[in-house]
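I opened a new page for this protein. My entries below follow the order in which I looked things up.

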Amino acid sequence: SDTIDVGARVFSVRAEAPHHVLHAGGKVDFEDVEEYLISLFDRYSPRETAYDPRYLERSMEIVDVRLPSASIIAVEPHSKHARDAYQSLFEAVTSGRLRHAGDPVVAAHLANCAVERDDRNQEIRRLRKIDPRKPIDAVPALALAVWRATLAQPSVYEDRPVLGV
């Protein structure tokens, strides 16, 4: 299958936490986040986006101007969509399809992340921090991106006809 290339920009208010952009004063400057979103639209032609509405509701107004509302998916962290996203990320990692450019911030967030599974040890229920003092903020964002990218992959039936009996 195709490789999925991922990257992230991590905004933080904690100097000791792995980050790309530090915002002093204990509060993320969402204008900075929104400028970054606009730069992504200048470089890429996204078809859709998924986000955690607890943190990015305001910033999605910028995306709403550029994408149809149906292409903007709010995903609550403990929802079925979130679990599907975590599973997609896990499958991409374990199959060797996920690739990032060696970004030490992304690597640090991934290295601090573990999963909790259901009672049958099949479905990923949630993500958790290995070390509660260190962040994993990039991981749910990557999971949402991988999930949507995986769903956007063309079906084999787009290249081959469906045979009916």
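I took helices (H or I, at least four residues) and strands (E, at least two) as DSSP runs, numbered from the N terminus. With that set, I looked up Asp119, which sits in the loop between strand E7 (113-117) and strand E8 (124-129). This is a predicted model, so I noted its limits: local features need pLDDT of at least 70, side-chain atom pairs count only at pLDDT 80 or more, and totals for chains, interfaces and linings use all residues. Residues are numbered from 1 along each chain as its sequence is written, and side-chain values use heavy atoms, with hydrogens and water left out.

**Asp119**

Is Asp119 buried or exposed? I call a residue buried under 20% relative accessible area, exposed over 50%, and partly exposed in between (1.4 Å probe, protein chains only). Asp119 has a relative accessible area of 84%, so I logged this residue as exposed. I then checked Asp119 against Glu16, 103 residues away along the chain. Their C-alpha atoms are separated by 36 Å.

**Overall fold**

I found 6 helices and 8 strands in the protein. Along the sequence they run β-β-β-α-β-α-α-β-α-β-α-β-β-α. The radius of gyration is 17 Å, close to the 15 Å from the globule rule for 165 residues, so the protein is as compact as a globular protein of that length. Here the radius is taken over C-alpha atoms, and the rule is 2.2 Å times the number of residues to the power 0.38. I also read the span of the C-alpha trace along its principal axes: about 65 × 40 × 30 Å.

**Burial and contacts**

Of the 165 residues, 35% are buried. I counted a contact when heavy atoms lie within 4.5 Å. Among contacts with a separation of 6 or more, 53% join residues 24 or more positions apart.

**Aromatic pair**

How many aromatic pairs does the count give? I paired rings of Phe, Tyr and Trp (its six-membered ring) if their centres lie within 6.5 Å; planes under 30 degrees apart are stacked, over 60 edge-to-face, and the rest tilted. The count comes to 1 aromatic pair. Phe11 is buried at 16% relative accessibility. Tyr36 is also buried, at 18%.
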